[in-house]
Amino acid sequence: MFPFSSRNKMSDAPEVNPAPAKHTEPHPLDALTGGAFSAATSGERASRIREWLQTQPSAEQLQEVFKELSGRDKGAARAVRERLDEIRRAKGQEAIAAEWAEKAQGLLAAAKLNIADALAWQRDAAKAGAPLSREPLASLKVQLAERMKVIEDLQHRVQVQREAAVLLAQRIEVLSTKPWRDAQAALEALRTDVGRWQQQAQELTDDPSWASVEARFPPLLDASRTQLLVVWDAFQPAVAQAVAASEDPAAALPPVPVWADELRVARGQPSEAAAAAAAQPAVRPPARSKVDPEVRDKAVQSVRDALGKLERETAEGHGKASAGAAAALRSVLKTHGKHIDAALEQQVHTALVAAGELEGWQRWSADQVREDLVARAEGLLQRPEGQALGGRKMQETLRQLREQWKQADQGGPANHALWKKFDEACNAAHKVVEAWLEKVRADAAEHKAQRVALLDEVKAWTAAQATAGQPDWKAVNRALHQFGDRWRDGGHVSEKVFAELQPQWKEAMAAAAAPLETAQKDSLARRHALIDEATALGAAPTLRVDAVKALQQRWQAEAQSVPLDRKHEQKLWDAFRKPIDEAFNRKSADRDKMAGEISARDRVVLEASKALEEANASGDAQKIRGAMVALEAALRGQALANEAAASAAQNRPAAASDNVTSAPAEGAAASEGEGADTDQAPPPAAAPKPTPRPVVAVRGDDRPGMKKDAPALPGRPARPGDRKDGRGPRDASGPGRGGDARGDRFGDRGDRFGDRSEARGPRLGDSAFRAQREALEHAQLTLRKLAAQAHGEALTQLIAAWQKRDAAQLPSVQELGVQASVRSAWTQAVSAAPQGDASEALLRLEMAAEVPTPAEQLQARRALQLQLLTRRNDPTPVQTWGQDVARVLASATDETSARRLQNALKTLLRK
């Protein structure tokens with residue numbers, strides 16, 4: 001045996017008090033971050049970091065905090081890192097924004113803004129990731145858009161001014177062909193219009209954005225101005241000269257031929273044409289004067305017809321047609337030119353000149369179009385890999401290119417060199433179309449063969465179904481759908497082949513589906529009969545559930561035997577279900593109406609439940625407990641009434657009965673019906689038993705280690721014959737026998753069940769039962785919350801009383817949940833002056849509460865645990881925690897000790 005001297009020496013050794021905990025120095029960044037580095041938990045640290053980030057710290061502070069915090073708590077440092085990343089992105093976007101803002105300002109500051117450059121700036125800035133929706137790029141973008149809008153408006157106004165100048169010139173030319181008095185009347189209006197046009201043109205050129213207009217628009221405006229001014233400058237002197245000539249016969253005539261002839265006629269002089277004809281009668285050849293008027297009229301009509309055709313083709317811009325019309329006009333002019341007058345000849349020459357200009361422009365334009373078509377045709381076979389055109393797309397493209405070439409040939413003379421290149425490129429690309437067409441023909445032949453084979457298969461299947469017995473209509477319907485799917489997926493064939501095969505397919509499918517359609521028609525009639533039966537069954541005053549089930553089974557059997565169209569079948573099923581559902585709904589409504597009637601007891605329980613809910617809302621524990629007692633009393637109200645009735649029945653004198661000693665069979669029957677027929681059975685002759693519960697005999701057990709006074713568990717034996725006395729299970733009945741009959745043996749159990757059924761009373765309604773259950777659950781939850789709240793408040797008051805050394809602030813015994821002696825010891829400790837060291841007591845409290853100990857006290861806790869292991873007879877910390885709390889309260893208070901005491905008491909006061 002080992003000596004006990006070692007244990008005694010260890011127990012006599014002086015206790016070494018651990019050194020007090022060192023006060024940790026606060027982190028230098030705690031003041032900056034609001035105490036994030038000294039937070040006790042990671043969640044608190046993250047919360048303080050988020051609050052600090054709301055103060056918008058600088059990037060240097062963020063970097064310093066992230067550097068210190070990333071090694072301690074990566075979760076809390078994540079928010080700081082995200083803010084740093086956001087600042088970096090913002091700086092990068094600011095740099096990009098500054099760069100593109102400088103470019104935009106340069107565009108706006110330039111004297112000439114190119115619209116293409118402005119559009120390119122917006123496109124490139126978006127590609128570079130510049131924040132166009134934020135300032136200053138947003139305002140610069142708007143300024144560029146407004147500037148481009150102004151430039152486009154100027155260009156549009158130039159075109160409008162050009163058209164207006166043409167119209168003014170045409171008005172002046174028309175007036176030169178009318179009497180000079182009409183021109184004189186319109187002179188002021190024309191002067192106003194011409195002046196307004198010049199003013200508007202000057203406004204265009206004076207606009208600050210005129211320099212940014214495209215280079216083709218200023219020459220157009222200048223040419224229009226020059227043309228209009230030339231016509232106007234010639235028109236005004238001519239009108240003035242005509243007015244002067246009309247007033248003074250000696251004045252010179254105006255240069256306008258129409259006005260000059262009119263003035264000559266007014267003066268009584270012949271016109272210029274008549275004077276020329278009278279002055280030169282001998283110059284004309286004798287034959288010309290003898291031309292037949294019909295020949296001259298015919299010649300003039302021929303020339304006018306050719307001239308009109310040329311003018312129409314020239315106006316419509318048909319270069320090739322205008323060239324032919326010009327050639328025809330020249331031919332007519334050679335034949336009939338000697339029979340026309342000078343005015344018509346002048347018109348002919350003007351039309352020929354215009355047709356020549358149009359022909360030259362159309363030739364150049366048509367060549368441009370042809371070159372583009374040649375490039376497109378050559379590019380059909382030079383597309384990137386993976387983007388080659390298919391056969392059909394290639395065919396459509398070639399057709400469009402050739403149509404466009406024909407249109408180009410109609411607008412100008414042919415170009416054989418470009419046509420040769422275009423035709424070679426189209427022929428090379430058409431090889432793809434030829435290969436595709438060969439494949440299409442092969443596929444069409446294969447698809448036709450497949451469809452013909454499918455037709456033969458459907459016909460053979462129809463013949464096999466005709467010779468078979470009772471068919472499976474579901475399988476037949478499935479096969480028909482499969483045939484239809486295979487026909488639809490049979491591939492493409494030509495329209496001619498499809499028109500040939502489609503009638504054959506419809507005929508074959510109609511023959512195949514004829515038996516199924518007949519069966520569906522018969523099934524439809526049977527289902528309508530079932531619907532009528534369901535309607536009659538639903539309209540009956542009493543709903544027969546067995547008939548409904550049988551009818552539904554018949555419907556299901558019919559639906560499973562013969563399939564119908566899904567939509568049609570669903571409509572029939574809805575019509576079948578409707579009357580039955582309505583009958584069941586009526587039955588449910590009647591049941592709900594009966595269940596909705598609230599009894600008097602349900603009303604009492606509902607009122608008590610409502611009162612309990614109001615007490616829960618008030619938050620007063622006393623009211624809640626009182627309301628719970630009232631609810632329980634309401635639930636037991638019927639039981640109390642039953643108990644009063646039972647006690648009154650027991651106090652009545654009982655009559656004697658001589659029928660107790662009847663036959664064993666009769667006694668057993670009487671004992672079995674005792675619970676239900678107590679009023680009908682005759683009362684016994686003997687006095688009633690003094691105790692309500694009968695004495696049950698038990699068997700002793702003399703085995704070692706068994707308690708002899710333990711009663712045997714009630715229950716039936718394993719087999720009816722396993723009895724020592726050799727009697728059957730029913731032989732115990734009768735007087736003078738050990739069990740006092742089977743009814744006496746289980747009489748306690750029968751009484752127990754009878755009591756419980758009586759105590760329960762009638763069943764509660766659903767609403768009353770749910771209301772009282774929810775009210776009780778809410779009350780228990782509210783009491784637990786109030787208890788937890790009271791526990792926390794009591795603990796806070798205890799710590800405050802210790803810190804202030806004021807025994808009057810200690811909570812009461814009920815609030816603390818401890819014995820009065822323990823609270824008295826705590827009161828004395830708080831009232832006395834601080835003394836002693838509480839380090840060991842705090843360790844014992846932490847051991848009793850099984851809470852963690854600060855890191856600097858772990859060594860001392862292990863040493864104390866080793867000492868307690870050697871003191872086997874000493875009480876454990878769990879048994880002496882009240883005295884340990886008193887020792888702590890008697891010592892001086894500090895923040896660390898208060899926190900440790902509070903953590904330990906949170907657990908100990910709940911035990």
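Keep in mind as you look that the model is predicted.

Let's start with the helix pairs. Two packed helices are described by the angle between their axes and the distance between the axes. Take helix α4, residues 59-69, and helix α5, residues 74-109: they pack at an angle of about 150°, and their axes are 9 Å apart. Angles over 145 degrees count as roughly antiparallel, so that is the label for α4 and α5. Their crossing is left-handed. Who does the touching? On the α4 side you'll find A59, L62, Q63, F66 and L69, while α5 brings K74, A76, A77, V80, R81, R83, L84, I87 and R88. Sort the residues of this contact by class and you get nine nonpolar, one polar and four charged.

From α10, the residues F235, A238, V239, A242, A245 and S246 meet W259, L263 and R267 of α11. This contact divides into seven nonpolar residues, one polar and one charged.

In α20, look for S523, R526, R527, L530, I531, E533, A534 and L537; they meet A547, V548, L551, R554, W555, E558 and A559 in α21. By class, the contact of α20 with α21 has nine nonpolar residues, one polar and five charged.

So much for helices touching; what about the gaps? Rolling a probe the size of a water molecule over the atoms shows where empty space is left. How many cavities of 30 Å³ or more turn up in this model? The count comes to two. Let's look at the second largest cavity, which has a volume of about 30 Å³. Its lining is made up of A165, V166, A169, S224, Q227 and L228. Which elements give two or more residues to that lining? They are α7 (137-175) and α10 (217-247). As for the classes, the lining of the second largest cavity has four nonpolar residues, two polar ones and no charged ones.

Technical notes: Residues numbered from 1 in each chain as written. Predicted model: local features only at pLDDT ≥ 70, side-chain atom pairs only at ≥ 80, totals over all residues. Heavy atoms only, no water. 1 Å grid on protein atoms, 1.4 Å probe; cavity = no way out; pocket = protein on both sides within 12 Å on 5 of 7 lines; lining within 4 Å. Points joined across faces, edges and corners; volume = space filled by probe spheres on them. Helix = DSSP H or I, 4+ residues; strand = E, 2+ residues; numbered from the N terminus. Nonpolar A, V, L, I, M, F, W, Y, C, P; charged D, E, K, R; others polar. Axes fitted to C-alpha atoms, helices over the stretch in contact; angles between N-to-C directions. Parallel < 35°, antiparallel > 145°, perpendicular 65-115°, else oblique. Left-handed = near helix turned anticlockwise from the far one by under 90°. Contact = heavy atoms within 4.5 Å.
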